[in-house]
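Visitor: I would like to learn how to read a structure like this one. Please take me through it feature by feature.

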Amino acid sequence: MLGNLDGIVKNTIEKVGTRLTGTEVSLEDVILDLGSGSVTLEGLQIDNPKGYKSDFAFLLKKITVAVDTSSLSKPVIQLDEVTVEGARLNVEQHGETNNLTDLLAQVEANAKPGSNAQEQEAPPQDEPEAGFILKRFVFANTSATLISDTKGNKAIEVPDVKRSNIGDPTQGLTPEQLGDALLQAVLEEVEAAVADHLAGLAKKALKDSIRAKMGLSEKN
């Protein structure tokens, strides 16, 4: 079993991720170091909800997880840190909605206790599911592309996301609830970045319109 542990973790992440998002979630590789309590995930891709055409919603090149190994036998497992480096996001805008907000809505619905996604994989009554808490979350060096049916494709800047102490230490969070919390933290920053970008485009368009009416060049 230990020899195949990487594969077990990979399959579990893909299965839970797909169940949580309602889209295909795939993972290229898992590297475990049980001695140091570190897990490295490479090439985690989250596909778009139905109705969107870009290649993916999220492509996370590298995720490193530091686990408190002393907590592995306890009801609540402590993740000391989860760091996501060099993620790529496609923000596909259709009118007033976009792929990421649709994805988040699906995640929130599936993370609720009693949802179909939770019931499908509920553990037996005598095997309570372990909870998780996360001490520190870092989502850094992100590149994002805004794909708009009216604005075309534009690169947007997304600030680093940092959060601390996610989950109740006494009960923890299910994998679905933890995924929901992390996705919400990222999307808060992404949506703010998109709003700032669109506001900047609107401001420039207004300035250009005023210049044109006054017969001024951009230098004026």
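**Reading the structure**

Guide: Buried means under 20% relative accessible area, exposed over 50%, and partly exposed in between, with a 1.4 Å probe and protein chains only. This is a predicted model: local features need pLDDT of at least 70, side-chain atom pairs count only at pLDDT 80 or more, and totals for chains, interfaces and linings use all residues. Residues are numbered from 1 along each chain as its sequence is written, and side-chain values use heavy atoms, with hydrogens and water left out.

Visitor: Which residues is Asn99 in contact with, leaving aside its neighbours within four places in sequence?

Guide: Contact means heavy atoms within 4.5 Å. On that test Asn99 touches Asn48, Pro49, Tyr52, Ser54, Ala57, Asn90, Val91 and Glu92. Asn99 itself sits in helix H2. Gly51 is 48 residues from Asn99 in sequence, and their C-alpha atoms are 8.5 Å apart.

Visitor: What pattern does the protein follow along the sequence?

Guide: Elements are DSSP runs, numbered from the N terminus: helices are H or I with at least four residues, strands are E with at least two. Here there are four helices and nine strands. Their order is α-β-β-β-β-β-α-α-β-β-β-β-α. Contacts span the chain as well. Among those between residues at least 6 apart in sequence, 63% join residues at least 24 apart.

Visitor: How many of the residues count as buried, as a percentage?

Guide: Of the 220 residues, 38% are buried. For the surface, accessible areas come from the Shrake-Rupley method with a 1.4 Å probe; for residues, only the protein chains shown count as cover. The protein exposes about 12,500 Å², with 51% of it supplied by carbon and sulfur atoms.

Visitor: How many salt bridges does a search of the whole structure find?

Guide: A salt bridge puts a side-chain nitrogen of Lys or Arg within 4 Å of a carboxyl oxygen of Asp or Glu. The search finds five. One of them joins Arg19 and Glu176, with the closest N and O atoms 2.2 Å apart. Arg19 lies in helix H1 and Glu176 in helix H4, so the pair ties together parts 157 residues apart in sequence. Both Arg19 and Glu176 are buried.

Visitor: Which residues are linked in a network of salt bridges?

Guide: Arg163, Glu188 and Glu189 are. Glu188 meets Arg163 at 3.1 Å, N to O. That pair links strand E9 (residues 161–166) to helix H4, across 25 residues. Arg163 also bridges to Glu189, at 3.9 Å between the closest N and O atoms. Relative accessible area is 47% for Glu188, 25% for Arg163 and 23% for Glu189. Each is partly exposed.

Visitor: What lies in the largest pocket, and how much space is there?

Guide: On a 1 Å grid over the protein atoms alone, a pocket is an open set of points where a 1.4 Å probe fits, with protein on both sides within 12 Å along at least five of seven lines; lining residues have an atom within 4 Å of a point. The largest pocket holds about 1,600 Å³ of space. Its lining has 48 residues, and the closest to its centre are Ile13, Leu41, Leu79, Phe132 and Pro175. H1 gives the largest share of the lining, twelve residues.

Terms used:
Points joined across faces, edges and corners; volume = space filled by probe spheres on them.
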